[in-house]
Amino acid sequence: MFKNLCVVGLGYIGLPTAVMFANHQLHVHGVDINEKAVKMIQNKQLHIEENGLQERMEKAIDEGFLTVGTQPEKADVFIVAVPSPINSDNTANLEYVRKATASIVPFLEKGNLVILESTVPPKTVEDVMLPELIKSGLEIGTDILVSHSPERVIPGKIFEELINNDRIVGGINEESSLKTKELYEIFVKGQIHLTDATTAELVKVMENTYRDVNIAFANELAKMADRLDVNVWEAIKFANYHPRVNVHFPGPGVGGHCIAVDPWFLVELQPETAKLIHLSRNTNDGMPAYVASQVQRILTEQNSAGKKIAVFGLAFKGNVDDMRESPSTDVIDELQKLGMDVISYDPHIKENLHHTQVQGMEEALRDADLLIILTNHDEFTAMDPKGISDLMRSKTVYDTKNCLDRTKWMDAGFASYLLGNSK
Ligand code: SAJ
């Protein structure tokens, strides 16, 4: 029934999705405006990192089910998976979605299905996509069916989650929803829930906003615990033993291109109402400055002679190579504003993407007055404090992710501080 698919946007979501359908014997044509990425894929090289993607992509190309280019082609189904970032004033930038939709219009034919996978503010399908699609001269809802089926996968486990997660499908009418469900049933093992497009848009944004608000709550608790002589991590662990409680964890801020972005869509939509959401965004965005002020306090407490800080962790979360919207860069800025001398290190980021970054762990630690952990990479948890203590000028460590074994570090002679547990 579905033979040809055209996927517009070959990033973290579009490429794995295109490959997944191609691995299920659909003829997929992937489109991206980034010529370099297209060339790389044509040469079976990846421009993004994702477990299992390389082998699956090679198989798809070798078997003749995946082609890529910079222009769309005719197909039965069009999937749009392009970025939907925010502008510098925190308003939604829907130009990629609008342009991607416009780019498929000349190729649309009666009977086609168009699906938006990008995360977007509620009403985007109605207000941004449909006005473009109508230019095809085809009747929306009968000649062409349209739905929103937001991606909900976590980087690092994309293929596993593409298959096993439940999926939300919101059509502009029932026929659109049913046809979209039929398509995803090709590989989705989770349940597929049907609704309308605007509800689906809100559901996706709500999921990430829930996480942001919950993390802001945890960050607020961490700041309180810092003055209470309580270990907030332990307190959260105990609270979460309650069957109806699920408090998230504090940290130096919220990064990535989703959780720190999507709540702004709701704030923009109804600023007078979305007050808790707005406050949570500001709370999380305020964490880098808070963490930097704690560093200054710790240095004073330790009577530190110098201000050389070794920052470990530039990625926005543990065990990924992605620095987008990483709070680490903000923490570094705040430390520098306080006159500190920063050297950063991240074993997952192999090119120097930050001006303070070095590739050697020892180089970063040499003569440092304080080591701060900003990302919970496995490499940091596994570090042997005895092996590094002689490198530093002062044996002081500040863990903002609760990923170090404190006893081990204290036994090695370190003054050990933890976000959410230091007076
Ligand atoms: N973080 C905390 N405390 C926590 C959990 C996370 O500070 O308790 C921080 C992380 O360190 C990181 C940021 O939040 O800086 C975001 O990380 P994440 O792992 O929560 O989420 P993402 O951005 O990698 O992926 C999210 C996922 N959404 C949800 O779990 C509701 C994913 O399923 C979505 O598909 C993805 O956003 C997306 O593309 O929207």
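A disulfide is a pair of cysteine sulfur atoms within 2.5 Å. With that in hand, let's work through some exercises. The model is predicted, so local features need pLDDT of at least 70 and side-chain atom pairs count only at pLDDT 80 or more, while totals for chains, interfaces and linings use all residues. Residues are numbered from 1 along each chain as its sequence is written, and side-chain values use heavy atoms, with hydrogens and water left out.

**Exercise 1. Cysteines**

Find how many disulfides the structure holds, then classify Cys6 and Cys258 by accessibility.

Solution. Start with the count: the structure holds 0 disulfides. Next, recall the classes: buried is under 20% relative accessible area, exposed is over 50%, and partly exposed lies in between (1.4 Å probe, protein chains only). Cys6 has 0% relative accessibility and is therefore buried. Cys258 has 22%, so this residue is partly exposed.

**Exercise 2. Helix α8 against helix α11**

Describe how α8 and α11 cross, and list the residues that make the contact.

Solution. Helices here are DSSP runs (H or I, at least four residues), numbered from the N terminus. Axes are lines fitted to C-alpha atoms over the stretch in contact, with angles from 0 to 180 degrees between N-to-C directions. The axes of α8 and α11 (residues 275–285) come within 9 Å and cross at roughly 55 degrees. That angle makes α8 oblique to α11; angles under 35 degrees count as roughly parallel, over 145 as roughly antiparallel, 65 to 115 as roughly perpendicular, and the rest as oblique. Contact means heavy atoms within 4.5 Å. On the α8 side, the contact is made by Thr209, Asp212, Val213, Ile215, Ala216 and Asn219, and on the α11 side by Leu276, Ile277, Ser280, Arg281, Thr283 and Asn284. By class there are 5 nonpolar, 5 polar and 2 charged residues; Ala, Val, Leu, Ile, Met, Phe, Trp, Tyr, Cys and Pro count as nonpolar, Asp, Glu, Lys and Arg as charged, and the others, Gly among them, as polar.

**Exercise 3. Helix α8 against helix α12**

Work out the orientation of α8 and α12, and find where they meet.

Solution. The axes of α8 (residues 197–226) and α12 (residues 287–301) come within 12 Å, crossing at roughly 20 degrees. The two helices are therefore roughly parallel to each other. Asn219, Lys223 and Asp226 in α8 meet Met287, Tyr290 and Gln294 in α12. These residues divide into 2 nonpolar, 2 polar and 2 charged.
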